[in-house]
Amino acid sequence: MLRRSNAPVAKQLARLAPQLSGVQQRIEAARLGQAVPSLGAAYAHALARWAGDPVLRLLGRPFITECYRSPERQDELYERGRSKPGPVVTYKRGGESKHNRLPAPALDVAFLLADGEVSWSGLLLSKFARLMKAADARVHWGGDWPGFKDRPHFEV
Ligand SMILES: [Zn+2]
């Protein structure tokens with residue numbers, strides 16, 4: 001019977017869900033520790049809901065790519081698409097971004113996929129953004145901004 005075979009299938013699928021390695025988990029914990037408490041709590045809540053969803057968890061494992069960012073690194077990023085090659089990734093110079101404060105009221109998210117690749121899929125980010133905003137109404141998603149969309153970006 002289909003019903004009877006569902007449990008083992010669900011278990012097999014759960015094993016296919018991408019997982020962070022031990023090192024990646026420690027990096028994630030350190031980055032999460034840089035966030036202001038309200039944003040960190042919203043991320044932890046959204047992540048728990050994502051991991052608890054049998055479909056979402058298979059699509060990818062959300063992780064924090066960056067939380068606090070030094071003003072020097074911010075200036076480097078600002079030069080991308082200006083004096084350096086590549087697309088423009090930010091309109092903020094060193095010291096102007098919420099990422100430059102500690103604790104940081106901003107964090108960026110990407111997804112670890114089952115094949116080990118990293119994804120910044122707009123679809124995945126919009127799904128995660130829904131959970132972030134549901135976790136705390138003070139969370140703003142960069143994908144909702146008019147004009148320049150910063151979909152990996154969340155802030156309070
Ligand atoms: Zn950001």
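**Chat notes on the chain**

A: Helices here are DSSP runs of H or I with at least four residues, strands are E runs of at least two, and both are numbered from the N terminus. This is a predicted model, where local features need pLDDT of at least 70, side-chain atom pairs count only at pLDDT 80 or more, and totals for chains, interfaces and linings use all residues. Residue numbers start from 1 along each chain as its sequence is written.

Q: Is the peptide bond from leucine 102 to proline 103 cis or trans?
A: That bond is cis, with omega near 0°. For context, most peptide bonds are trans.

Q: OK, zooming out. How many helices and strands are there in the chain?
A: There are 6 helices and 5 strands. In sequence order the pattern reads α-α-α-α-β-α-β-β-α-β-β.

Q: What does the C-alpha trace span along its principal axes?
A: About 60 × 35 × 35 Å.

Q: And what share of the residues count as buried?
A: Of 156 residues, 28% do. The cut-offs are 20 or more other C-beta atoms within 10 Å for buried, 12 or fewer for exposed, and partly exposed in between, with C-beta atoms placed from the backbone.

Q: Which domains is the chain divided into?
A: Domain 1 covers 16-68 + 105-156, and domain 2 covers 69-102. Those bounds come from an automatic or database domain assignment. The C-alpha centres of the two domains are 21 Å apart.

Q: How many residues of domain 1 are in contact with domain 2?
A: 7 residues of domain 1 are in contact with 7 of domain 2, where contact means C-beta atoms, placed from the backbone, within 7 Å. On the domain 1 side, the touching residues split into 4 nonpolar, 1 polar and 2 charged. Nonpolar means Ala, Val, Leu, Ile, Met, Phe, Trp, Tyr, Cys and Pro, charged means Asp, Glu, Lys and Arg, and the others, Gly among them, are polar.

Q: Switching to helix packing. At what angle do α3 and α6 pack?
A: Helix α3 (residues 37-51) and helix α6 (residues 122-135) pack at about 125°, with axes 8 Å apart. So α3 is oblique to α6. Angles under 35 degrees are roughly parallel, over 145 roughly antiparallel, 65 to 115 roughly perpendicular, and the rest oblique. The axes are lines fitted to C-alpha atoms, for helices over the stretch in contact, and angles run from 0 to 180 degrees between N-to-C directions.

Q: Which residues meet there?
A: From α3, Ala42, Tyr43, His45, Ala46, Arg49 and Trp50; from α6, Phe128, Leu131, Met132 and Ala135. They divide into 8 nonpolar, 1 polar and 1 charged.

Q: Now leucine 16: buried or exposed?
A: Leucine 16 is exposed, because its count is 10 other C-beta atoms within 10 Å. Leucine 16 belongs to helix α1 (residues 2-16). Not counting residues up to four places away in sequence, leucine 16 touches Leu58 and Ala114.

Q: And where is glycine 143?
A: In the loop between β4 (140-141) and β5 (153-155). Glycine 143 has 16 C-beta neighbours inside 10 Å, so it counts as partly exposed.

Q: What is glycine 143 in contact with, leaving aside neighbours within four places in sequence?
A: Leu125, Ser126, Ala129, Lys149 and Arg151.

Notes
Contact = placed C-beta atoms within 7 Å.
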